[in-house]
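Have the structure open as you read.

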Amino acid sequence: METTTVFTNDAIVFGLLMIALGFVFYTSSKKEGFWSKFYKVVPALLMCYLIPAIFNSLGWIDDETSQLYFVASRYLLPAALVLMTLSIDLKAVFNLGPKALIMFFAGTIGIVLGGPIAILIVSAISPETVGGVGPDAIWRGLSTIAGSWIGGGANQAAMLEIYEYNPDLYGGMVLVDIVVANLWMAIILMGIGKNDRIDNWLKADNSAIEDLKVKVSDYAKSVTRVPELSDFMIMLALAFGAVGIAHWGADNISEYLLATFDVFNDSKSALSSFSSQFFWMITIATAIGILLSFTQFKKYEGAGASKIGSIFIYILVATIGMKMDLTMILDNPGLIAIGLVWILIHVIVLIVTAKVIKAPYFFLAVGSQANVGGAASAPVVAAAFHPSLATVGVLLAVFGYVVGTYGAILCTILMQIAAGS
């Protein structure tokens with residue numbers, strides 16, 4: 001099939017993304033004038049996400065013909081996690097308390113309940129939108145979204161196998177997943193710029209988060225030096241050496257599990273997601289970063305380790321933005337409506353929970369993304385608050401893999417009941 005994409009060469013696409021990132025950072029550094037006012041309303045991180053989405057929507061670039069997201073998520077993300085975790089204060093992370101976990105599970109409950117409630121609401125307005133029989137039943141297709149929004153891609157594939165949705169119609173569900181999840185991530189990024197105001201409204205106690213930021217910042221200042229070429233080479237060696245180990249470990253663990261235990265080969269099993277190479281890669285990379293934080297390598301934070309990690313994260317954000325085609329919102333309004341109502345229920349549960357337990361917006365944002373976005377975007381959102389918090393995003397995303405298939409199955413049973421099947 002012929003493509004109408006203007007630029008399909010990844011070298012050109014990467015150049016466009018880097019120009020976009022450079023433009024955002026250049027304009028956001030202006031202290032006065034139009035751009036200063038603009039970035040008080042629209043966060044720079046959101047623009048790093050939105051401009052590639054606009055490029056995609058205009059047909060200049062296309063995620064389907066590019067390998068950049070794969071490269072960024074498989075190579076740059078684990079490298080960033082290592083560099084950002086070098087200076088982590090693990091004790092301070094645990095001192096964040098139980099609110100992070102509470103908000104994560106609140107997000108999970110919001111998705112489990114949001115699916116059936118969305119079906120009930122949309123069916124009252126447009127019954128045919130939530131209809132279908134046999135393999136074409138909409139609730140079967142929505143089960144794949146539940147798997148994706150609680151656990152991730154592996155859980156999504158498991159739900160497709162378990163409930164045997166018509167593969168020819170599956171593309172419509174992927175569309176809802178991408179459009180709604182990316183719209184919600186854009187809103188989360190926008191909220192980061194109003195973090196203090198939201199925390200005041202929630203009456204949240206974010207002292208533990210601020211303490212962690214201060215500890216890491218103070219340590220960075222105490223070891224700050226003008227980096228030399230050798231510093232950069234050693235930091236890149238640590239980062240990408242860890243990436244190599246993470247990939248090697250992930251490949252071997254995944255192969256061992258699949259070869260040794262039948263349960264991991266069964267795509268209908270709740271444990272099948274633990275054979276995911278991506279899961280093990282992220283887990284191993286983070287573990288290596290944590291181990292290095294107990295060594296002398298921790299001092300490389302003073303040479304800019306987390307800054308290099310942040311560069312990798314921003315490139316990842318741009319490649320995630322490539323996945324968003326703003327014109328797709330109008331392609332299937334009925335299914336998109338279900339997705340929007342669904343995510344709205346998720347958000348309401350999160351806000352109510354945050355208000356009750358006085359949880360900071362950080363926990364709300366990361367708890368949500370650990371569900372909806374998984375290990376690829378939860379650390380991105382966490383790092384947007386402060387590089388030292390990226391590890392929190394990873395740790396919460398791990399819980400998504402744990403509860404993903406179980407939560408999605410419960411959600412699907414409720415959606416089946418709501419659809420009257």
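Predicted model: local features only at pLDDT ≥ 70, side-chain atom pairs only at ≥ 80, totals over all residues.

## Charged pairs

Side chains of opposite charge can pair when their charged atoms come close. Here the count comes to two salt bridges. One joins the side chains of Asp-63 and Lys-323, at 3.5 Å from N to O. Asp-63 is buried, because its relative accessible area is 16% and the cut-off is under 20%. Lys-323, with 28%, is partly exposed.

The other salt bridge brings the side chains of Arg-225 and Asp-231 together at 2.8 Å, again N to O. Arg-225 counts as partly exposed at 33% relative accessibility, whereas Asp-231 is buried at 7%.

## An enclosed helix

Now take a look at helix 7, which covers residues 138–150. Its 13 residues reach 19 Å from the first C-alpha to the last, close to the 18 Å expected at 1.5 Å a residue. Of those 13 residues, 12 are buried, so helix 7 is largely enclosed by the rest of the structure. Among the buried ones are Trp-139 and Trp-149, along with Gly-141, Gly-147, Ser-143 and Ser-148. Ile-138 and Ile-150 are on the buried list too.

## Helix 4 against helix 14

Two packed helices are described by the angle between their axes and the distance between the axes. For helix 4 and helix 14, the axes come within 7 Å and cross at roughly 25°. That angle is under 35 degrees, so helix 4 counts as roughly parallel to helix 14. The crossing is right-handed.

Which residues meet here? From helix 4 come Ser-73, Arg-74, Leu-77, Pro-78, Leu-81, Val-82 and Thr-85. They meet a set in helix 14 that includes Phe-278, Met-281, Ile-282, Ala-285 and Thr-286.

## A closer look at Thr-286

Thr-286 has its place in helix 14, which runs over residues 277–292. Is Thr-286 buried or exposed? It is buried, with a relative accessible area of 4%. Leaving aside residues up to four places away in sequence, Thr-286 touches Leu-81, Thr-85, Thr-391 and Val-394.

Technical notes. Residues numbered from 1 in each chain as written. Heavy atoms only, no water. Salt bridge = Lys/Arg side-chain N within 4 Å of Asp/Glu carboxyl O. Buried < 20%, exposed > 50% of the residue type's maximum accessible area, 1.4 Å probe, protein only. Helix = DSSP H or I, 4+ residues; strand = E, 2+ residues; numbered from the N terminus. Contact = heavy atoms within 4.5 Å. Expected span 1.5 Å × (residues − 1). Axes fitted to C-alpha atoms, helices over the stretch in contact; angles between N-to-C directions. Parallel < 35°, antiparallel > 145°, perpendicular 65-115°, else oblique. Left-handed = near helix turned anticlockwise from the far one by under 90°.
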